[in-house]
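Have the model open and follow along.

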Amino acid sequence: MGFADFLSDAGLSMLESWVTTRSYITGYGPSQADVASFKALPAPPKVEKYPHAWRWYKHIASYQSEFSSLPGDPSKAYTTYGPEKSETTINPKDAPKQTEADEDEDDDLFGSDDESEDEEAKKKREENLAAYKKKKEGKVKPAAKSIVTLDVKPWDDETDMVQLEKNMRSIEKDGLKWGASTLVPVGFGIKKLQVTLVVEDEKVSIDELQDQVAEDEEHVQSSDVVAMQKL
């Protein structure tokens, strides 16, 4: 199916879902797929609504001077990339029409307000309302989370980056979820590891996590937080 129109919320939601676990539209490096998708966006996605899409957009923007030299087919439209299937309704006019039977099913779950309802039905409705209110009040608010982009720098071009990443991902914490990663050239044949992660703010300290990453002294020279956004 591919991406939908990025001018719509449905299209941006598809992009947000797609790059939640990816650094690039396809593969492990920037390509013409990213260029086509980037150019299809009239403006950066709103960070408060589409944090992953915003992070991807800012990252790809750093390659603008190299767009013409990136690998891939520049003639392909951005709609040829993305998910093969989507249950999102792209246009309201394409949504299935609601039948009378559907409307009947949408009637008040807690009973009728008809003045002629008997006492038993009225009592049942009040019990359902009370149970619903109690359930709603008992819901726990979701934990505050942040999406973080971390740069991990090796000692030199001979550092085993596969082992470095393996050691880093072996760090497990309650409230920590490792995301997509990519190797970014920094010069002289050296590449740094750029990784995205999501943390629960009350459970995970980024400073302590960086200290743990730095304990791999054989591979890690240092690490830096290059982006951090509340979800």
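Where is the place of Ser181? Look in strand S2 and you'll find it there. Keep in mind throughout that this is a predicted model.

So is Ser181 buried or exposed? Its relative accessibility is 19%, and because buried means under 20%, Ser181 counts as buried. Now look at what its side chain is up to. A polar contact of 2.6 Å links it to the side chain of Glu165, and another, of 3.3 Å, links the side chain of Ser181 to that of Arg169. Leaving aside residues up to four places away in sequence, Ser181 also touches Ser23, Leu193, Gln194 and Val195, among others.

Let's zoom out to the sheet. It's an open one, built from four strands in the order S2-S3-S1-S4, with antiparallel pairing. That puts S2 (176-187) at an edge, and S4 (220-230) is the other edge strand; each of them pairs on one side only. Going from one strand to the next, the twist averages 20°.

Further in, strand S1 (residues 145-154) and strand S3 (residues 190-200) run antiparallel and are joined by eight bridges.

Technical notes:
Residues are numbered from 1 along each chain as its sequence is written. This is a predicted model: local features need pLDDT of at least 70, side-chain atom pairs count only at pLDDT 80 or more; totals for chains, interfaces and linings use all residues. Side-chain values use heavy atoms; hydrogens and water are left out. Two strands pair if DSSP finds at least two bridges between them. Helices (H or I, at least four residues) and strands (E, at least two) are DSSP runs, numbered from the N terminus. Axes are lines fitted to C-alpha atoms, for helices over the stretch in contact, and angles run from 0 to 180 degrees between N-to-C directions. Buried means under 20% relative accessible area, exposed over 50%, partly exposed in between (1.4 Å probe, protein chains only). A polar contact is a pair of N or O atoms within 3.5 Å; within protein, one must be able to donate a hydrogen and the other to accept it, and residues adjacent in sequence count only if both atoms are side-chain atoms. Contact means heavy atoms within 4.5 Å.
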